[in-house]
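This report is for a reader meeting the structure for the first time. Please look over the sequence and the model before reading on.

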Amino acid sequence: MQFREYLTESEFRFEGDSLGIITAHNPQGKKLSRKENKKLNDRLWSDLRIADYDPWPVQGNYQGHKENSFLIPDISRGELVKYAKKYNQAAVIWAKKVDKGYAVEWINGGKTTKKKHIVNIRSLIAQSVSF
């Protein structure tokens with residue numbers, strides 16, 4: 001079972017105040033080899049752990065390309081955008097807790113391009129976090 005399937009089919013609960021979704025795969029949409037993408041994602045995971053974040057692997061989708069991504073609990077929008085710039089990522093997703101669910105922002109080039117309200121994080125993951 002893939003991790004994303006586990007999250008959508010299990011009793012997954014997310015209680016954080018914010019989260020980000022990012023990958024280091026295919027910088028600026030340039031398709032890289034599996035080996036190159038793994039090396040970049042390993043580096044991103046290490047950077048996140050050093051910064052005391054607890055990244056969870058999820059399956060993402062950017063412009064039709066499936067990418068191994070990370071859901072990062074309790075990361076600020078600014079920090080997420082900083083990592084996106086460092087790893088040459090055109091787009092990331094950030095969400096913050098609101099009264100009844102989460103306010104989600106799809107961020108491209110540091111600017112919000114789409115907003116949506118969701119009830120829980122499971123519903124965001126079930127949408128394959130696609131751009």
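Predicted model: local features only at pLDDT ≥ 70, side-chain atom pairs only at ≥ 80, totals over all residues.

Residues are numbered from 1 along each chain as its sequence is written, and side-chain values use heavy atoms, with hydrogens and water left out.

**Nonpolar cores**

A nonpolar core is a set of buried Ala, Val, Leu, Ile, Met, Phe, Trp, Tyr and Cys residues joined through side-chain atoms within 4.5 Å. Buried means under 20% relative accessible area, exposed means over 50%, and partly exposed lies in between (1.4 Å probe, protein chains only). The largest nonpolar core has 18 residues, and I22, L44, L48, I72, I75, L80 and Y83 touch the most other members. At least two residues of this core come from each of α2 (34-50), β3 (65-73), α3 (77-86) and β4 (91-98). The largest share, 4 residues, is supplied by α3. Helices (H or I, at least four residues) and strands (E, at least two) are DSSP runs, numbered from the N terminus.

Another core, of 12 residues, lies apart from this one; I21, V104, I118 and I121 are among its residues.

Contact means heavy atoms within 4.5 Å. Not counting residues up to four places away in sequence, I72 touches S18, L19, G20, I22, L48, Y53, P55 and L80.

**A buried threonine**

T23 is found in the loop between β1 (18-22) and α2. Its relative accessibility is 5%, so T23 counts as buried. A polar contact is a pair of N or O atoms within 3.5 Å; within protein, one must be able to donate a hydrogen and the other to accept it, and residues adjacent in sequence count only if both atoms are side-chain atoms. The side chains of T23 and N41 are joined by such a contact of 3.4 Å, and the side chain of T23 also reaches the backbone oxygen of N68 at 2.6 Å.

**Salt bridges**

Side chains of opposite charge can pair when their charged atoms come close. A salt bridge is a side-chain nitrogen of Lys or Arg within 4 Å of a carboxyl oxygen of Asp or Glu. The count comes to 5 salt bridges, including those in the table.

| Pair | Closest N and O atoms |
|---|---|
| R49 and D54 | 3.8 Å |
| R77 and E105 | 2.9 Å |
| K82 and E79 | 3.2 Å |

R77 lies in helix α3 and E105 in strand β5 (residues 101-108), so this pair ties together parts that are 28 residues apart in sequence. R77 is partly exposed at 24%, whereas E105 is buried at 12% relative accessibility. K82 and E79 both lie in helix α3, 3 residues apart, about one turn of the helix.

**Rings**

What kind of pair do the rings of Y53 and Y83 form? Their centres are 6.5 Å apart and their planes are at 85°, so the pair is edge-to-face. Rings of Phe, Tyr and Trp (its six-membered ring) pair if their centres lie within 6.5 Å; planes under 30 degrees apart count as stacked, over 60 as edge-to-face and the rest as tilted. The structure holds 1 aromatic pair. Both Y53 and Y83 are buried.

A charge sits over a ring if NZ of Lys or CZ of Arg is within 6 Å of the ring centre and within 35 degrees of the ring normal. The charged end of K82 sits over the ring of Y83, 5.1 Å from its centre. K114 lies over the face of W106, at 4.4 Å from the ring centre.
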